[in-house]
Structure formats: structure tokens, C-alpha cells
Amino acid sequence: MSTVNTSPVPDAAPPTPGRKAESEAVYAAFGAGIVGAIYGLLVGILAPDVQLGSQADSLAFWAACGAAVVAAVASTVEYWRSRNRPGQEWRQSLPSWKYIVNTISVVIVHTALAFVAVYALGRLLAMGFIGLPIITFWAVVLMAITLGLTTWFVYLSVSAMTTQRMSSLLLTFIAIGTLTAMVTTPDPTWWKLHFSQLGTFEDDLSSWVFNGTLIAAGLLVTTFAVYVANDMRELTEAGVLQNPRGMRTVPVLFVIMGIMLACVGIFPVDVNMPAHNLSASGMAVMYLVLLIGGPRFFRGMPRTYFVASWTFLAAMVVSVILFIPAVGYFSLTAFEIIVFALIFGWIAVFIRFLGVAGRKD
């Protein structure tokens, strides 16, 4: 007979940045805005004919580069400092090498996300202002706003990093990166071949965005595993999760999944197809192991979580059936996108339930 757990469980509500972090973020944004104004002045003087986003050296590109730089600085400084903030103290107990790797992955993802988001927004605005020249005044204003807002968002993002926030960052980053690669690819019919076709254009920015997104996302998943390990350890010690082996096994599976995801971008399909396919298959295998082994790894999680997990597994099986040549309902591109969506959709559901496991409300 099971007993009702009365052990204290960690507060699952994600912490928000404190007053000090909020104030520091504003001051950092002001400083980045001043730097942005100077940067915009230089762009306006050195490139007087620059337009919003119609060519490779457009204002959107230069703004994305500036946003990436301030994002790298802000994320490095604040992620390092935030280990002393409430709810983040456990990071101080990590081995130095693991903490450095985590910091690098968080910085890379925020830097890449800042570049891709600003560049994509610039290209989108350019579609509504075709041929609009950017005079020096507007270059100064736009750069100041872009770099200031980027710094503000990034600073607050890393000041109170949690498993839930990291999973949201992961999904946002992958979505924006892949969509940007889709709309900027030089081959509008890429979807007739396969999803990985987006990463096969060696000299085009879209391929760098696509492959870079996969590599950076893979690094983030390995860091994500550290946060999952901490959450599962706390829940296991509180008696919510009932299999101590789960808190050791699951993070390892996530690390392998992250490495495989990064390798998909490291080995584009046109460079090394066997390594590319092996990496993609390895990521799918880790996903299936986590799904099928869920009742053992996550014993104690809410029943609804397992219902959702089996639904994801059933969707995967149906997708495979519809893809096999004997049926042929799904193209390779559709199948890859569906599997990709199922994997990261499950991660989002898993993290949400991990955050509320043990709560009675």
C-alpha cells in the first residue's frame, strides 16, 4: 500500500529576478544603449547607403552582430555572478569543468539567439520598408535601442536560470533558428528533399544559422541535463521520485541526446551522411529510451505525465508507420519535422511536470 508523502519538497515555482538584478539589468541596458549609439554612428558614417535588410551587409546584419556581442558580455557576466543569488547556490557545488562548460553553453545560446532574433526581425521589417535608406540619425537610434533591449533581456534571462526557463530558452532558440534558416535559404524548394537540406549551402548564411542552431542547442541540452539532475535529486531526497537510479540515469541520457543533436549540425548531410544519420538516429533512440523507461525512471511523477508520455510514444509509432515506403503518406521532410517536434514537445511537457511533481495544489 502506498503512503502519502509528507516530506517537504522544493518550491517548484521558478524564481524571478530580484530587485537588485532588475536594477542592474536596467543600468546594463543603459550602458549598452550608449555603446549602441556610438556603434550606429560609425555604421552610419562608414556605410551611408546602408538599407534595412535587403543585402548581406544590411543594417539588420550589423545590428545582429552588435546584439550578439552585448549578449555575449551580458550573459557571461551575469551567469557567472548569479550563482550567488537565491535558488542558484547549488551551482557553486558543481565541479569547475562542469560549471565552465555550462557557462559556455549558456553564453553561446544567448549570443546566437540574439543574433538570429535581431537579424530575422530586421529582415521582416525590410519586407515592409523595401528600399528604405537608413540615415545616420536612425542608425544611431536603432542601434541604441537594439543593443539596449538585447542586454536587458539577456541579463534578466540568465539572472534566475531554472530548468523551466532553460527548456523555454531551448525551444525558443530552436524555433527561431530553424525558421530563420527556412526563410533565408537560397533554395525555396528545400522541403522536397529533407529537413537537413537547410544545412547544405556552404557559403550561405542560412546554412550557418541552421547548423549553428543545432550545435548550440546540443550544448544547451547538456547544460539542461545538469539542471534536470539537480531537480531530480531534490525530488528524490524529498521522497517524491521513488527510484534513486533515475536521477543518475536520466541526466546521462540527456547529455548523450545533446551530443547527438550537436553532431547533427557538426556533420551536415552533404559532408558526412553516415555520421549525420547516426547522430540523428542516436538522438531519437535516447528519446525513445526516456519515453519507454519513464515508468521506471520517473516513478512518483503525476499520472497525467505518463498519459502524455505514452501519447507522444504512440504519435512516434504512427509517424513511423505513415513514413515507411509501404505506406508513404509522409515525405522524409515531414517525418523529420514531426519527430523533431515530438522530441522537443515531450521535453517541454516533462519539464513542466517535473516542476510541479510533489505539489498538492
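At what angle do helix α1 (residues 19–46) and helix α4 (residues 136–159) pack, and how far apart are their axes? The structure is a predicted model, in which local features need pLDDT of at least 70 and side-chain atom pairs count only at pLDDT 80 or more, while totals for chains, interfaces and linings use all residues. Residues are numbered from 1 along each chain as its sequence is written, and side-chain values use heavy atoms, with hydrogens and water left out.

The angle between α1 and α4 is about 150°, and their axes lie 6 Å apart; axes are lines fitted to C-alpha atoms over the stretch in contact, with angles from 0 to 180 degrees between N-to-C directions. Helix α1 is therefore roughly antiparallel to α4 (angles over 145 degrees). Residues of this contact comprise 20 nonpolar, 8 polar and 2 charged, where Ala, Val, Leu, Ile, Met, Phe, Trp, Tyr, Cys and Pro count as nonpolar, Asp, Glu, Lys and Arg as charged, and the others, Gly among them, as polar.

The whole structure contains 20 aromatic pairs (ring centres within 6.5 Å). Tyrosine 79 and tyrosine 99 have ring centres 6.1 Å apart and planes at 10°, so the pair is stacked (planes under 30 degrees apart). Tyrosine 79 belongs to helix α2 (residues 59–81) and tyrosine 99 to helix α3 (residues 96–128); both are buried (under 20% relative accessible area, 1.4 Å probe, protein chains only).

Threonine 236, in helix α6 (residues 205–237), counts as buried because its relative accessibility is 16%. Apart from neighbours within four places in sequence, threonine 236 contacts Leu241, Pro244 and Met247 (heavy atoms within 4.5 Å). Helices are DSSP runs (H or I, at least four residues), numbered from the N terminus.

Terms used: Helices (H or I, at least four residues) and strands (E, at least two) are DSSP runs, numbered from the N terminus. Buried means under 20% relative accessible area, exposed over 50%, partly exposed in between (1.4 Å probe, protein chains only). Angles under 35 degrees count as roughly parallel, over 145 as roughly antiparallel, 65 to 115 as roughly perpendicular and the rest as oblique. Rings of Phe, Tyr and Trp (its six-membered ring) pair if their centres lie within 6.5 Å; planes under 30 degrees apart count as stacked, over 60 as edge-to-face and the rest as tilted.
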